[in-house]
Amino acid sequence: MAFKELYCVDCGESLGEYSEYYFHDEALNNVITFNQQSRAHKRHDIVIRI
Ligand SMILES: [Zn+2]
């Protein structure tokens, strides 16, 4: 099964891997938005790595 990784550019750290099967791009974008609203990654640049 294919996985996509969320990566925070500002922190230089992985935010975890997400199964493509369960997380379509829209769901991943929701996860990114959620992280960008958190204290740890406020307004950080978070990208999807395949
Ligand atoms: Zn960050």
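Student: Which residue of β3 does Glu5 stand opposite?

Tutor: In this predicted model, Glu5 stands opposite Arg49 in β3. Two strands count as paired if there are at least two bridges between them. Here β1 and strand β3, residues 46-49, are joined by four bridges and run antiparallel.

Student: In which sense do β1 and β2 pair, and over how many bridges?

Tutor: The pairing of β1 with β2 is antiparallel and extends over six bridges.

Student: What do β1 and β2 form, and how many residues lie between them?

Tutor: They form a hairpin, with four residues between the two strands. In the turn, Gly12 has a positive phi of about 65 degrees.

Student: How many of the seven residues of strand β2 are buried?

Tutor: A residue is called buried if 20 or more other C-beta atoms lie within 10 Å of its own. In strand β2, residues 13-19, the number of buried residues is zero, so the strand lies largely in the open.

Student: Where is Ala2 placed, and is Ala2 buried or exposed?

Tutor: Ala2 belongs to the segment before β1, which spans 3-8. The cut-off for an exposed residue is 12 or fewer such neighbours. Ala2 is exposed because it has 9 other C-beta atoms within 10 Å.

Student: How far apart are Ala2 and Ile32 in sequence and in space?

Tutor: They are separated by 30 residues in sequence and by 19 Å in space, C-alpha to C-alpha.

Terms used:
Residues numbered from 1 in each chain as written. Predicted model: local features only at pLDDT ≥ 70, side-chain atom pairs only at ≥ 80, totals over all residues.
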